[in-house]
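I opened my notebook to see how two chains meet, and then to visit one residue up close. Here is what I looked up, in order.

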2 protein chains.
Amino acid sequence: VSIDASRRLRADAARNSERILHAARESYAQQGPDVPLDEIARRAGVGVATLYRRFPSKEAVARAALDQCLAEEISPTIDRALGDDDPRRGLVTLLEAAMSMAGREPYTLAAAKHAGALSPKISGPFLDALTRLARRAQQAGLLRADLVPDDLHRILVMLLSVLWTMDLPGDGWRRYVTLVLDGLSPVGASLLPPAVPLSRLLRQENWPT
Amino acid sequence: VSIDASRRLRADAARNSERILHAARESYAQQGPDVPLDEIARRAGVGVATLYRRFPSKEAVARAALDQCLAEEISPTIDRALGDDDPRRGLVTLLEAAMSMAGREPYTLAAAKHAGALSPKISGPFLDALTRLARRAQQAGLLRADLVPDDLHRILVMLLSVLWTMDLPGDGWRRYVTLVLDGLSPVGASLLPPAVPLSRLLRQENWPT
């Protein structure tokens with residue numbers, strides 16, 4: 001094949017992958033995390049053989065779907081949040097992006113979790129950015145000084161747990177982000193009892209789910 | 001049998017039940033919610049036949065173990081909290097009692113949940129007391145005025161979720177009760193986004209787990 005033709009084939013393949021992963025995310029949203037692959041292929045409008053060629057297993061689809069989701073929704077927000085002049089606002093932006101993603105695609109996360117695809121490599125950049133913004137906000141006197149990085153992880157766990165108390169999708173979670181952030185204000189902050197380490201499991205996975 | 005003898009038999013039976021349920025709670029704590037009944041009988045020092053006579057199924061044990069746990073740890077606290085002159089302190093007492101119980105006996109709750117034994121009849125008095133104390137605290141200006149009863153339910157969900165981020169038992173949860181309570185203070189309270197209804201499932205079960 002000519003150089004042009006092979007370039008065209010690669011572009012077609014990339015478009016197919018994109019389409020399959022979007023279809024996977026839609027399928028999770030509508031049918032839960034255990035959708036069969038042929039259902040995803042049908043929704044993507046590709047043959048099952050094409051799907052298997054790109055993603056040899058359910059796990060591979062789930063992993064790549066989470067990657068796509070993070071690349072589209074979280075990565076750009078991390079950059080924007082870190083660049084914000086107001087570190088507290090940056091922190092809120094990042095928390096809201098995570099909540100919004102989890103609220104719209106809870107089963108993309110669940111499918112990735114079942115596939116063992118929630119690794120520290122993926123959660124790391126997000127939690128790092130959260131920690132950096134929190135430290136800058138503390139230095140600016142905008143956040144209580146006694147918060148430690150593990151607290152941020154747990155605050156995310158608490159906020160995510162609220163999603164399961166409401167019929168999704170929707171943004172009912174915003175109320176609880178505001179409530180919790182009021183608790184993180186340095187104004188009128190009570191003395192905090194000591195922070196205990198994260199559980200062993202959570203330290204390994206480093207995911208707030 | 002004489003009246004005295006039958007009274008003695010009834011007292012023996014009640015003591016046996018008490019002992020079986022305490023053994024069940026210890027077994028859940030050490031082995032998780034799916035302990036076999038003969039293991040519970042062994043720990044209680046009674047025969048399996050005796051256990052089956054009082055509790056015909058795993059579900060019956062789990063239900064009665066939760067009842068015992070609530071009767072010992074929550075019911076007396078509800079009365080004490082409602083009688084507190086300071087309604088905010090009463091609210092804190094009640095939240096702490098629930099967290100302490102859930103932190104020490106997470107699998108008693110889990111076993112009861114598996115057994116379908118978490119009914120509104122059981123959670124009702126606790127949530128009612130929480131709501132009454134919150135209202136009194138709001139009237140006294142000790143709690144933000146914009147909280148609604150469903151918020152209390154969700155706050156409990158959030159706090160309970162923190163338990164799974166730490167190696168139990170322990171009282172690492174106290175830090176997050178303090179953080180969240182700071183968020184419930186009327187001082188510097190932000191405008192809250194609207195409250196959405198509890199999910200259908202939660203409205204049916206009325207349990208914050």
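I began with polar contacts across the interface of chain A and chain B, and the count came to 20 residue pairs, both partners at pLDDT 80 or more. I kept in mind that this is a predicted model.

Next I asked which helices of chain A supply at least two residues each to the side that touches chain B. They are helix H9 (149-163), helix H10 (174-183) and helix H11 (200-205). I sorted the residues of that side of chain A by type and got 23 nonpolar, 8 polar and 9 charged.

Then I looked for salt bridges between chain A and chain B and found 4. One I noted down joins Arg175(A) to Asp151(B), with 2.7 Å between the closest N and O atoms.

For the extent of the contact, I wrote down 40 residues from chain A and 40 residues from chain B. The area buried between the two chains is about 3,100 Å², and carbon and sulfur atoms give 61% of that.

My second stop was Gln68(B), which I found in helix H4 (residues 58-73) of chain B. Is Gln68(B) buried or exposed? I call Gln68(B) buried because its relative accessible area is 6%, under the 20% cut-off.

Leaving out residues up to four places away in sequence, I saw Gln68(B) touch Glu18(B), Leu21(B), His22(B) and Arg25(B). With Arg25(B), the polar contact runs side chain to side chain at 2.7 Å. With Glu18(B), a polar atom of the Gln68(B) side chain lies 3.3 Å from the backbone oxygen.

Notes: Residues are numbered from 1 along each chain as its sequence is written. Chains are lettered from A and ligands numbered from 1 in the order in which they are written. This is a predicted model: local features need pLDDT of at least 70, side-chain atom pairs count only at pLDDT 80 or more; totals for chains, interfaces and linings use all residues. Side-chain values use heavy atoms; hydrogens and water are left out. Contact means heavy atoms within 4.5 Å. Buried area is the accessible area (1.4 Å probe) that two parts lose on being put together, summed over both. A salt bridge is a side-chain nitrogen of Lys or Arg within 4 Å of a carboxyl oxygen of Asp or Glu. A polar contact is a pair of N or O atoms within 3.5 Å; within protein, one must be able to donate a hydrogen and the other to accept it, and residues adjacent in sequence count only if both atoms are side-chain atoms. Helices (H or I, at least four residues) and strands (E, at least two) are DSSP runs, numbered from the N terminus. Ala, Val, Leu, Ile, Met, Phe, Trp, Tyr, Cys and Pro count as nonpolar, Asp, Glu, Lys and Arg as charged, and the others, Gly among them, as polar. Buried means under 20% relative accessible area, exposed over 50%, partly exposed in between (1.4 Å probe, protein chains only).
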